[in-house]
Amino acid sequence: MNDKKKLFESVSPAKALFIMSLPTVASQLILLIYNIADTWFIGRTDNESMIGALNLGMTIYMILVSIANIFGVGGGSLMVRHNGEKRPEDAKKVATYSFFFSLVISAAFSVLVLIFLGPLLTVLGAKDMTLVYGRQYLFFTVVLGGIPTVLSMVMSQFLRNAGYSKEAGFGVAFGSALNIALDPLFMFVILPPGNEVIGAAVATMLSNIASFIYFIIMYKKVSKESALSLSLRPVKLEKTDLKSLYMVGIPAAVSIILYDIVTMMLNRLSVNYGDGVKPLAAMGIILKVERIPINICLGICLGMVPLIAYNYGARNFKRMEKIAALSVFITTVISTVCMLCFFFFATSVTRAFVKDAETVRLGAIILQGRSIALPFMIFGYFAVNYMNAINKGKVSFLLAIIRHVILLLPIILIMNYVWGLTGLIWSQVVADVLNMIVSLVFYLNVRKQLKNMLTE
């Protein structure tokens, strides 16, 4: 416990950020690799309908992530702020409450998907074999695997926020690595040809269950020295805590949902070009490839959040800002380097996932355009995570609305209408440059307010 306290309070900002971020970045990368692995293995079939179904299925699967964010981000940041305020019993109540209700809500969502599975996929644009493959994927990953998926995500975030970043990162990495190992086994060995999507879905489900079991073991191991517990007894939180949890958690969930809506729109618009299947497959590949720098930088931001939240609770503004400035610098460098690599090697990157010449051509064009947005996009992610850490849920929610609803969605529609596929591709750059300017204004304003409040 003393080591955890030193990590939050006295270890140098650079070292503390490194300790908290490295396991998180590693786990985010492995998590991404397993998502890309699904696409890569499915791509070996040269079946664009399977690739498209996987892309559509992920939009619904991502709602599980948004559910986990309500309690993992909202509850996790509240728990660590209570620890910074020296309120361990209140921190424990928050952890117990979040575990129980993430279980209840994920179970309800899985039932709803089971009931409305076909209509959901049809609305997303699935038809013919894409609809068949999409149903297969979602039945195993969401209907059967929804509960362990959400709980493992929530538990990993609470472990990280309690200072157990290494243990949290290992759990995510373990599940992801297992998925990568199980993918070819179920897709090409156990199940007969034509069932590759089912194989990928079963691999994902089993790996999430295994990850969930690991987190149960870790929770039991650290329960005596932390606020974490596996209690299924619902606890009652104070109104201020409930407000704080949901005012941070709901915007975090909405951000994922809005990202999902943008992805759905990109999918629906992309099928209007060419034969519909190849553009959808190309868009699906690139949306995953660009997650490489995003997940690295997101891992750094997630490692930053507990450090910012704890020192916000402890009213240590100077340490907060050192950690924030360092996070911005590192994520900007990483996103810029990746932007240059993607732009100049777009064709080679796309060809690594699919062989079809037209799909490769489209994918390279999409990647070149969208990669320019990366450094601007990443600052927006930093600003949102910073606001979540300091209990500025309203600001976080407003930033999410501005980026997705006010900027991204209208700009996509307008540029697609005026310039076609070229406009659809470059709309991301226009939206994220504008969003970075807005996010910077909000960040500097909030920073000024915090400085006056915490240094009085």
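**Exercise 1. Which residues is L269 in contact with, leaving aside its neighbours within four places in sequence?**

Before we dig in, some ground rules: this is a predicted model, in which local features need pLDDT of at least 70 and side-chain atom pairs count only at pLDDT 80 or more, while totals for chains, interfaces and linings use all residues. Residues are numbered from 1 along each chain as its sequence is written, and side-chain values use heavy atoms, with hydrogens and water left out.

*Solution.* 
- Start with the location: L269 sits in helix α11, where helices (H or I, at least four residues) are DSSP runs numbered from the N terminus.
- Next, burial. With a relative accessible area of 12%, L269 is buried; that word means under 20%, using a 1.4 Å probe and protein chains only.
- Now list the partners: I412, L413, N416 and L424. Contact here means heavy atoms within 4.5 Å.
- Finally, look back along the chain: V248 is 21 residues from L269 in sequence, and their C-alpha atoms are 32 Å apart.

**Exercise 2. Work out how far the model can be trusted, and where.**

*Solution.* 
- Take the overall score: the protein averages a pLDDT of 87, and 97% of the residues score at least 70. pLDDT is the predictor's confidence in each residue, from 0 to 100.
- Helix α14 (residues 317-344) has the highest confidence, at 94, and helix α1 (residues 2-9) the lowest, at a mean of 73.
- Keep a caution in mind: where pLDDT is low, the predicted coordinates should not be read in detail.

**Exercise 3. Describe how α3 and α11 pack.**

*Solution.* 
- Get the geometry: helix α3 (residues 48-72) and helix α11 (residues 239-270) pack at about 170°, with axes 7 Å apart. Axes are lines fitted to C-alpha atoms over the stretch in contact, and angles run from 0 to 180 degrees between N-to-C directions.
- Name the arrangement: α3 and α11 are therefore roughly antiparallel, the label for angles over 145 degrees.
- Pick out the residues that meet. On the α3 side they include L56, I63 and F71, and on the α11 side they include L245, A252 and M264.
- Sort the contact by type: 15 nonpolar, 7 polar and 1 charged. Nonpolar covers Ala, Val, Leu, Ile, Met, Phe, Trp, Tyr, Cys and Pro, charged covers Asp, Glu, Lys and Arg, and polar takes the others, Gly among them.

**Exercise 4. Find the residues that touch the most other members of the largest nonpolar core, then follow one of them.**

*Solution.* 
- The core first: it has 71 residues, and M79, L159 and L228 touch the most other members. A nonpolar core is a set of buried Ala, Val, Leu, Ile, Met, Phe, Trp, Tyr and Cys residues joined through side-chain atoms within 4.5 Å.
- Which helix gives the most to this core? That's α3, with 15 residues.
- Now follow M79: beyond its neighbours within four places in sequence, its contacts include A91, F158, A162 and L228.

Terms used
Helix = DSSP H or I, 4+ residues; strand = E, 2+ residues; numbered from the N terminus. Parallel < 35°, antiparallel > 145°, perpendicular 65-115°, else oblique. Buried < 20%, exposed > 50% of the residue type's maximum accessible area, 1.4 Å probe, protein only.
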